Amino acid sequence: MSLRIISSIFFIYIYFDRKISIVLNFLPSYKTLIAFLISGIVCWTSSRSFERGTMKHRLIHISIGITCFLVICFTLLKLDKNFISEIKQIRKEKMELNKQTQTQTQKKNK
């Protein structure tokens, strides 16, 4: 998965004439990326530790995963408000564009 992300970043970098700021604007803050990394390591370690455990151990692993998920959600909401608002804006613009396209298609069909 990481290789796919890295190759996508290189593609965007080359496609947009090496304007690295465009690529960097699509990434969350470094603190959020670190939180994702730590969360992944914690979940992986938990999985390996409780791999052949009892049901109690599996429930502990699930609760660790839920905790990591909540920490990531909190981190995103706290640190990346601008990133989230940009994503919402892009989605809104795309929906408006789709509505315009549908309206034009309907007019042509009449």
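## Threonine 32 and its contacts

Leaving aside its neighbours within four places in sequence, T32 is in contact with T75, L76, L79 and D80. T32 is found in helix 3, and in this predicted model the residue is buried, because its relative accessible area is 0% and the cut-off for buried is under 20%.

When residues up to four places away in sequence are not counted, T75 touches T32, A35 and D80.

## Overall fold

The protein has five helices and zero strands. Along the sequence, the pattern reads α-α-α-α-α.

Of the 110 residues in the protein, 10% are buried. The protein exposes about 9800 Å², and carbon and sulfur atoms supply 65% of that area. Among contacts with a separation of 6 or more, 52% are accounted for by residues 24 or more positions apart.

## The pairing of helices 3 and 4

Two packed helices are described by the angle between their axes and the distance between the axes. Helix 3 covers residues 30-49, and helix 4 covers residues 55-79. Their axes come within 10 Å and cross at roughly 180°. Helix 3 is therefore roughly antiparallel to helix 4, since angles over 145 degrees count as roughly antiparallel.

On the helix 3 side, the residues that meet helix 4 are K31, T32, A35, F36, S39, V42, C43, S46 and S47. Their counterparts in helix 4 are H61, I64, G65, C68, I72, T75, L76 and L79.

F36 is found in helix 3. With a relative accessible area of 40%, F36 is partly exposed. Apart from neighbours within four places in sequence, F36 is in contact with I72 and L76. The C-alpha atoms of F36 and F69 are separated by 9.2 Å, and the two residues lie 33 residues apart along the chain.

G65 is partly exposed, with a relative accessible area of 23%. Between the C-alpha atoms of G65 and G40, which are 25 residues apart along the chain, the separation is 9.1 Å.

## A nonpolar surface patch

M55, L59, I62, I66, F69 and L70 make a nonpolar surface patch of about 650 Å². One member, M55, has its place in helix 4. M55 counts as exposed because its relative accessible area is 57% and the cut-off for exposed is over 50%.

F69, another member of the patch, is the residue whose C-alpha atom is 9.2 Å from that of F36.

## Burial compared across the residues described

G65 at 23% and F36 at 40% are partly exposed. M55 at 57% is exposed.

Methods: Residues numbered from 1 in each chain as written. Predicted model: local features only at pLDDT ≥ 70, side-chain atom pairs only at ≥ 80, totals over all residues. Heavy atoms only, no water. Patch = residues over 30% accessible without salt bridge, like charges linked within 9 Å, V, L, I, M, F, W, Y side chains within 5 Å. Areas by Shrake-Rupley, 256 points an atom, 1.4 Å probe, with all protein chains shown as cover. Salt bridge = Lys/Arg side-chain N within 4 Å of Asp/Glu carboxyl O. Helix = DSSP H or I, 4+ residues; strand = E, 2+ residues; numbered from the N terminus. Buried < 20%, exposed > 50% of the residue type's maximum accessible area, 1.4 Å probe, protein only. Contact = heavy atoms within 4.5 Å. Axes fitted to C-alpha atoms, helices over the stretch in contact; angles between N-to-C directions. Parallel < 35°, antiparallel > 145°, perpendicular 65-115°, else oblique.
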